[in-house]
Each structure stands twice: as C-alpha cells, then as structure tokens.
Amino acid sequence: MCIIGNMSGQPLRLEQALNDSFSESFPRFPLVDLSLAQLSEKLALEAAGASRVALDQRRFAPDQYTLSVNPANLTNIHQWDAAIQRDVMHALQTALVGAGFMLAREPHLTLATDPTLPQGSLRIIAWHSSDPLHLTELIERNYEELDTDFPPAGAFLMVDGKQHFRLKMAIIRVGRRLDSDLVLDEPHVSRQHFQLKAQHGRYLLIDLDSTSGTRVNGRQVKEHWLKPGDVISIATIEMVYGEDRGGPPDNAIPYTPDQTSDRDHDTPLNMKAIKDIKTRRFIPDSLH
C-alpha cells in the first residue's frame, strides 16, 4: 500500500544535499551551458515527486533516471564517459540517503539527447524499476503452482527513458518487422531480434539468432531470466525492464505501433540512444 506523505521541505533538503554531493564530485560540469544547480533542482523535484511512502512512513526514492539535454549542450560525447556516469550515480545515491530516502536498488542514470529541448535546459524522468513497497513484503510465491505462461504482474519496458511498452502477453516478439509486438526502427535490429517468454511468473529473454546480438547489463546473452532494473541493449537502442503493480511512470509516452506504413521496419518510436555509455548495475543479494 502506498501513502502520499507530506513532502514539505523534502525536495529543498534533497536539492541542497545534491548540490553538496555534486560539488565534491565535479570540479567542472561536463555539459555545456548547464550548471550543477540546474541538475540538482530538477533531480530533487523529480525524485521527491516520484517517491513512494510505506505505511511506516519510509520514503522510497526511484532508482531509474533519464537525463535528456539538447545535443548542443553535449559537444563531445567522450566528455560524459562511464566514470562520470558512475560518479553521478554515486553522488545521487549519497544525497538521497543523506536526505532520508530509502533505495531498493542503486540508482541508474541514462544520458540522452533531444533536439526538441531548448538549448541550456534539461529534462529528467524518474521511475521505479519495480514496486519498492512490494519488495519489502516478506511474501513467498510458489511459482510451481502458477500456469507456465503466467506473465509477471505490472511488467513493462522503458525505451530510451521516454516511452513505455506494457508486457501483458505470454510471448512478446521484438524486432524490425511490422508484425512484431514491439517494432524497433533501427537498421541494425534484426527483423526478428528477440522474444520474451513468460514462464512461472517471470520473463525469459531469448535472442533469435540476431545479427547484432542482444546484451543485458552490458553482457551478450542468448537466454536470460529478466529481473527488474535489467538494461537490455540491441544495436543503439536501450530498454530498462521493470515490474511495478502501479505501472510505468505517468510522464512516459505509451508505445503505439504504426500499422499504416508499407515498410518492414517503420515505427513511431524515433528513438535515440548513446552507444558509448556503459551502464553499471547493482542489485543487493537480498533482492535477487
């Protein structure tokens, strides 16, 4: 059960904690015409607004963040390397804990570019990869008693941190073909790239001998049992798998396939991803 708690003063405390944490980590901010103060303010408002409060008043902050900027504010992609991304996530985690938030998982942040954003501004979307309140419940589920085609409750994919695709069927086909359940418009995506198969209340990702391969958390896989927070990468496209009974974040755009095109790989997604950023995943053993 989620309670909307009193957030009076909490975003401001978090913003100050973020300012302090970022100032120690970054002597010079790697984004052109953007300041640490802007990043702190946006992160604080989004993290506090997307947090969830348990009955015992513990407030859980979201663990997934997408930072979007105008391409002009990122003149050199190598300025934002894996080390900087790790430092941002560490600073964010330190600030959240210092401001009194709980975390079910270590935060993960993705950088994306959006030419529709005004130069010098940024957009942040935050969400929970799984229901943190559900994770704290000591409930044992006997999957052997479930239908083998039973899909996980509240499963979804966040694509490029902007759009969500709900996973409700026993088999989800992903590829460039228009008859796929999730159509991806990218020339290096195979016509039939991978599928998700529900078994015992979980999704098994199966690569369908794709040309460019499928990676989960940076590792190439043929089969992989998905866990909330897993990052799926195919070609230049990045997706985050989540399970949340509350559903995907409200400010993410639903995915709707375009059936009017005669091309075999048309899609409305128009997604952009950054190849060079490698993500670092951490899930406590107690949550496996």
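Trainee: What should I know before I start?

Mentor: This is a predicted model, where local features need pLDDT of at least 70, side-chain atom pairs count only at pLDDT 80 or more, and totals for chains, interfaces and linings use all residues. Residues are numbered from 1 along each chain as its sequence is written, and side-chain values use heavy atoms, with hydrogens and water left out.

Trainee: What is the mean pLDDT of the protein?

Mentor: pLDDT is the predictor's confidence in each residue, from 0 to 100. The mean here is 75, and 74% of the residues reach 70 or more.

Trainee: Where is confidence lowest, and where is it highest?

Mentor: First, the element names: helices (H or I, at least four residues) and strands (E, at least two) are DSSP runs, numbered from the N terminus. Confidence is lowest in helix H4 (residues 132–135), at a mean of 60. Strand E12 (residues 214–216) has the highest, at 94.

Trainee: Over which residues does pLDDT stay under 50?

Mentor: Where pLDDT is low, the predicted coordinates should not be read in detail. Residues 1–7 stay under 50. The model gives them 18 contacts (heavy atoms within 4.5 Å) beyond four places in sequence. Over residues 136–147 the pLDDT is also below 50. That stretch has eleven contacts beyond near neighbours in sequence.

Trainee: Is serine 40 buried or exposed?

Mentor: Buried means under 20% relative accessible area, exposed over 50%, and partly exposed in between (1.4 Å probe, protein chains only). Serine 40 has a relative accessible area of 0%, so serine 40 is buried. Serine 40 is found in helix H2 (residues 36–49). Beyond residues up to four places away in sequence, serine 40 touches Glu15, Leu18, Asn19 and Phe22.

Trainee: How far apart are the end C-alpha atoms of helix H3?

Mentor: The expected span of a helix is 1.5 Å times one less than its number of residues. Helix H3 (residues 82–98) has 17 residues and should span 24 Å. Its end C-alpha atoms are 24 Å apart, which agrees.

Trainee: Which residues of H3 are buried?

Mentor: An α-helix has 3.6 residues a turn, so residues three or four places apart point the same way. In H3, the buried residues are Ile84, Gln85, Val88, Met89, Ala91, Leu92, Ala95 and Leu96. They fall within an arc of 160° seen down the axis, so they line one face of the helix. The arc is that of the directions from the helix axis to the C-beta atoms. Exposed residues His90, Val97 and Gly98 sit on the face turned away from the buried side. Just after H3, glycine 100 takes a positive phi of about 95°.

Trainee: In what sense do strands E3 and E4 pair?

Mentor: Strands of a sheet pair through backbone hydrogen bonds, either parallel or antiparallel. Two strands count as paired if DSSP finds at least two bridges between them. Strand E3 (residues 64–69) and E4 pair in the parallel sense, over six bridges. Threonine 66 stands opposite threonine 110 in E4. Six of the six residues of strand E4 (residues 108–113) are buried.

Trainee: How many aromatic pairs does the structure hold?

Mentor: A pair of aromatic rings is described by the distance of the centres and the angle of the planes. Rings of Phe, Tyr and Trp (its six-membered ring) pair if their centres lie within 6.5 Å; planes under 30 degrees apart count as stacked, over 60 as edge-to-face and the rest as tilted. The structure holds one such pair. Tyrosine 203 and tyrosine 241 are edge-to-face, 6.5 Å centre to centre, with 90° between the planes. Tyrosine 203 lies in strand E11 and tyrosine 241 in strand E16 (residues 237–243), 38 residues apart. Both tyrosine 203 and tyrosine 241 are buried.
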